[in-house]
Amino acid sequence: NIENVLVATNDLEQVVQKLQASQRPVLLIGGGVSRKTAQSIQQSMSDSGIPVMTTWNGADRIDASHPQYLGRPNTWGQRAANLLMAQADVIVAVGTRLGMQQTGFNWQEFGRNAFVVQVDIDKSELEKGHPKVDLPICGDADSFLEDLLPKIHGRWDEWITYAHDVQVALPLNDPENETGAGFVSPYDFYADLSELATQNDVIIPCSSGGANSVSMQVIKQKFGQVIITDKGLASMGYGLGGAIGAAMAHPARRTFLIEGDGGFAQNLQELATVAVNRLPIKIFIFANNGYGSIRMTQKNYFGGAYLGCDTETGLGFPDWHLLFESFGIPATTVDTNWASDSNVIATLESAEPHGYIIPIDPLQTYWPKITSRIVEGGGMESNPLHLMSPDLDSTLFARVTKYL
């Protein structure tokens with residue numbers, strides 16, 4: 001029923017008034033905003049001057065170099081974006097369900113200083129009770145943005161300048177991260193991939209663990225790219241099937257798949273589909289000898305009682321080169337200089353599928369992140385989004401929390 005998706009004029013005008021009166025607004029764009037609409041609103045978005053963030057599902061709706069872009073907040077998001085979200089005075093969330101990965105499990109702290117607007121086509125999402133939403137609007141995300149942006153004319157230069165200063169002060173690869181000798185840093189890998197990938201590429205970072213979360217902390221997307229994650233459930237094994245679907249939906253476009261070895265092993269038979277159809281998928285396997293996230297959970301919450309998380313505790317993995325070879329797909333083990341290796345570049349530029357084995361340190365650290373603790377009674381309590389671990393130096397924290 002179209003009456004259920006059209007936004008009332010008075011709701012739209014209230015959002016306009018709130019934004020025009022704001023000092024530190026954020027427009028949070030989710031996957032409910034279509035790529036077609038994202039393309040059509042680029043000029044009106046720029047003309048409006050409004051600062052923009054995206055969810056993981058909306059990651060490709062704006063170029064990372066856009067002067068109004070402030071990052072991707074999330075429980076595994078960018079620290080700068082999380083801090084800036086907490087300092088916003090108006091948040092207009094369009095086409096995002098504002099689930100707990102987006103708001104943090106300590107959702108009571110989401111938008112702590114802001115008037116929060118949520119625009120979603122599903123009324124039940126607006127009524128679920130979390131987070132605090134001051135103005136829920138049931139309507140179509142695309143139509144809402146197309147109507148809203150031409151009405152917005154703001155000058156938020158001071159806020160945007162401050163936001164970019166915060167981004168510079170908080171590097172995407174936290175200084176506390178450690179990568180052992182002989183291994184490739186997943187943070188450096190994604191930084192290199194961001195440089196190499198063109199605006200015509202399709203990027204599938206999957207399924208869970210570092211291959212997934214580090215991508216959304218580090219990737220500097222180019223507008224025109226298609227970026228698809230399995231964010232909702234982080235279902236292991238999604239990657240190869242997802243990449244095949246994306247490659248077939250976007251013929252003649254190069255597809256990058258980045259998947260952990262544990263997840264890839266759960267659906268590796270689909271290499272046959274890649275091989276038979278000669279799909280231009282570049283398959284990067286983060287080889288860290290197991291289930292990194294499960295290993296980390298067993299370490300942090302079960303005192304290191306490891307079980308079924310790596311080859312030492314019950315897992316088994318194939319010889320990756322032999323596996324790819326058995327399907328007629330060439331494979332290469334890369335090192336820290338992979339992005340400048342002429343042989344690797346040649347395979348990336350070919351129209352044929354290729355496998356790349358990336359040695360990732362099993363003890364690789366993944367900072368920053370939201371930490372949780374076990375409280376009395378056995379329950380879990382999480383930090384709010386703006387308090388990621390490790391803690392910042394007090395001087396730096398004061399610098400990046402000016403409005404907190």
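Predicted model: local features only at pLDDT ≥ 70, side-chain atom pairs only at ≥ 80, totals over all residues.

User: What makes β3 and β4 a pair?

Analyst: Two strands count as paired if at least two bridges join them. Strand β3 (residues 90-94) and strand β4 (residues 115-120) share five bridges in the parallel sense, so they meet the cut-off of at least two bridges.

User: Why are β2 and β5 called edge strands?

Analyst: The open sheet has five strands in the order β2-β1-β3-β4-β5, with parallel pairing. Both β2 (52-54) and β5 (135-138) pair on one side only, so they are the edge strands. From one strand to the next, the twist averages 15°.

User: Which strands does helix α4 lie across, and at what angle does it run to β2?

Analyst: Helix α4 (residues 79-87) lies across β1 (25-29), β2 and β3, and it runs at about 125° to β2.

User: What makes a residue part of the lining of the largest pocket?

Analyst: A lining residue has an atom within 4 Å of a pocket point. The largest pocket holds about 1,000 Å³ of space, and 41 residues line it. W76, G209, S213, S293 and T297 lie nearest its centre. Helix α14 (292-301) is among the elements giving two or more residues to this lining, and α14 gives the most, with seven.

User: How does that lining divide by residue type?

Analyst: It has 15 nonpolar, 22 polar and four charged residues.

Conventions: Residues numbered from 1 in each chain as written. Heavy atoms only, no water. Helix = DSSP H or I, 4+ residues; strand = E, 2+ residues; numbered from the N terminus. Axes fitted to C-alpha atoms, helices over the stretch in contact; angles between N-to-C directions. Contact = heavy atoms within 4.5 Å. 1 Å grid on protein atoms, 1.4 Å probe; cavity = no way out; pocket = protein on both sides within 12 Å on 5 of 7 lines; lining within 4 Å. Points joined across faces, edges and corners; volume = space filled by probe spheres on them. Nonpolar A, V, L, I, M, F, W, Y, C, P; charged D, E, K, R; others polar.
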